[in-house]
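User: I have a model open and want to go through a few spots with you. Can we start with charged pairs?

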Amino acid sequence: MKLPYAEPYKYKMIESIKRSTEEQRKKWIKEAHYNLFNLSSDKVFIDLLTDSGTGAMSDSQWAAMMTGDESYAGSTSFLKLKEVVQKITGYKYFLPTHQGRAAENVLFSVKVKEGDVVPGNSHFDTTKGHIEFRKAKAIDCSIDEATDTSLLHPFKGNIDIHKLEKVFKEHPKEKIPFVIFTITCNTSGGQPASMENIKAVSNLCKEYGISLIFDAARFAENAYFIKTREKGYENKTIKEIAKEFFSYGDGMTMSAKKDGLVNMGGFIALNDEEIYKEATVYNIMYEGFITYGGMNGRDMAALAVGLDESTEFDYLESRIEQVAYLGKRLTDFGVPVLQPYGGHAIFIDANKFVPTIPRDEYRAQALAIELYIVGGIRSVEIGTVLADRDPFTRKNRYPELELVRLAIPRRTYSQNHMDYIAVALKNIYDTRHEAKSGYRIIDEAPIMRHFTVKFEKI
Ligand code: F0G
């Protein structure tokens, strides 16, 4: 019998989490205006709001923290991190930032101008926010298969080459600062892009003289999927695979809070010296001097180790297989989840789960609230609330998918937690026909409303 996967680590320290009653949770979520972001974490039993900055660091990372060099300029922790980033990505220039959206802010300040278009595969919301804030437009060129939640396509994060070429043909080159390729693609369900597709996008970009930038928050997970799903990569290491796809692009923005295995941090890595030089000015203005960019020396030291650990196969196997384990348990219960299972999260298809709740009553949000009430589990809506209003018409944008994301923090929860989550969802699924109404928005911000939006129950 083949031995199953198992975590290549054991526990040295634990953090207590508290259970609560349904009555308590009903009260707390009402007080939080039915926005899960408003709950204090002690009111949450299992926190699947995000996999961003919520993972557990290793003993080697904690040891590295003690060696952090807090010098304002020329920190040796910066130099160590730069060396690791160059080794893994192959990019020449490196700028630390305090997190991923800060990297977007700095790079987009250089590159994105009013009236520009930025094609990509379902841009993440902060990415889209930074594009639209500059009065430019994000154009989604995801393959059509990405919106069919039951289709078993191995690389739903792929970009549709024809859609991309259409954008290239319809807009002058000067209006397209770059293509942004998000690996894995969070918005379409933690889905990877194939090496073949990355290469094809890269070739098309070269043909039209347009640069290619990766949003690489979960690049190591993407590399794992290439290794396990794409022919010709079975015997390559994760590091070799990552280096290869990065070689097809011109640079990257990174939220190190995901595959950096740290709680805070980010960076930009680039090949173009001119853009790097311009970006350093914005980095100094917004983030800090170029050898720390808003990060502590100790955090840079931990990130250098984290990047090395997250690009090892055994870690990635236990990580991705734990997420898939939850996916399989839910599938066995009949709960409609996005297929194939994502790298960092399981996405519940709320259109199939609660079609009885009208779309303009935010059915995915309603399901996320129910999951909190039933199990003390905090998830996040990836649907109409997140999709925000159209910046011009101010009308709700209804995305094709209404999802509830169960993001699994790295190296944090056990298989028992996964079982607990699966049973909580099964119980809701068994009574789903009783759900008839959802929620109404009573207050919202003009952009990125999901963080602070307030609801009332209909
Ligand atoms: N790009 C992607 C693909 C992301 O998933 C995120 C963050 C960012 C950029 C921004 O990075 O948070 O460090 O500023 N995603 C988190 C999430 C918030 O929950 O998926 P950040």
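User: Is Glu23 buried or exposed?
Analyst: Exposed. This is a predicted model, and in it Glu23 has a relative accessibility of 56%.

User: What does the Glu23 side chain meet in a salt bridge?
Analyst: Lys26. The N to O distance in that salt bridge is 4.0 Å.

User: Where do Glu23 and Lys26 sit?
Analyst: Both are in helix H1, residues 22–31. They are three residues apart, which is about one turn of the helix.

User: And how accessible is Lys26?
Analyst: Lys26 has a relative accessible area of 40%, so it counts as partly exposed.

User: OK, now Arg378. What is its salt-bridge partner?
Analyst: Asp47. Their side chains meet at 2.8 Å, N to O.

User: Which parts of the chain does that pair link?
Analyst: Distant ones, 331 residues apart. Arg378 belongs to strand E10 (residues 377–378), and Asp47 to strand E1 (residues 46–47).

User: Is Arg378 buried or exposed?
Analyst: Buried. Its relative accessibility is 6%, and the limit for buried is under 20%, so Arg378 falls in that class.

User: What about Asp388 and Arg449, how do their side chains meet?
Analyst: In a salt bridge, at 4.0 Å from N to O. This pair also links distant parts of the chain, 61 residues apart. Asp388 is in the loop between helix H15 (384–387) and strand E12 (403–407). Arg449 is in the loop between strand E13 (439–443) and strand E14 (454–457).

User: How accessible are those two?
Analyst: Asp388 is buried at 8% relative accessible area. Arg449 is buried too, at 0%.

User: How many salt bridges does the structure hold?
Analyst: 28.

User: Switching to the ligand. Which residues come nearest?
Analyst: There are 16 residues around the ligand, and Thr50, Arg101, Asp215, Ser255 and Lys258 come nearest.

User: Which helix gives the most to that shell?
Analyst: Helix H4, residues 100–111, with three residues.

User: How much of the ligand does the protein bury?
Analyst: 94% of the 470 Å² that the ligand exposes when taken alone.

User: Back to charges. What is the nearest side chain of opposite charge to Glu361?
Analyst: Arg440, 6.8 Å away. Glu361 is buried but has no salt bridge.

User: Where is Glu361, then?
Analyst: In the loop between helix H13 (350–353) and helix H14 (363–375).

User: What is Glu361 in contact with?
Analyst: Leaving out neighbours within four places in sequence, Glu361 contacts Lys436, Ser437, Gly438, Tyr439 and Ile458.

User: Last one, Gly129. Where does it lie, and is it buried or exposed?
Analyst: Gly129 lies in helix H5, residues 125–133. Gly129 is buried, with a relative accessible area of 6%.

User: Which residues does Gly129 touch?
Analyst: Ile447 and Met448, not counting residues up to four places away in sequence.

User: And how far is Gly129 from Ile408?
Analyst: Their C-alpha atoms are separated by 24 Å, and the two are 279 residues apart along the chain.

Note on methods. Residues are numbered from 1 along each chain as its sequence is written. This is a predicted model: local features need pLDDT of at least 70, side-chain atom pairs count only at pLDDT 80 or more; totals for chains, interfaces and linings use all residues. Side-chain values use heavy atoms; hydrogens and water are left out. Helices (H or I, at least four residues) and strands (E, at least two) are DSSP runs, numbered from the N terminus. Buried means under 20% relative accessible area, exposed over 50%, partly exposed in between (1.4 Å probe, protein chains only). Lys and Arg count as positive and Asp and Glu as negative; His and the chain ends are not counted. Contact means heavy atoms within 4.5 Å. A residue is near a molecule or strand if one of its heavy atoms lies within 4 Å of it. Accessible areas come from the Shrake-Rupley method with a 1.4 Å probe; for residues, only the protein chains shown count as cover.
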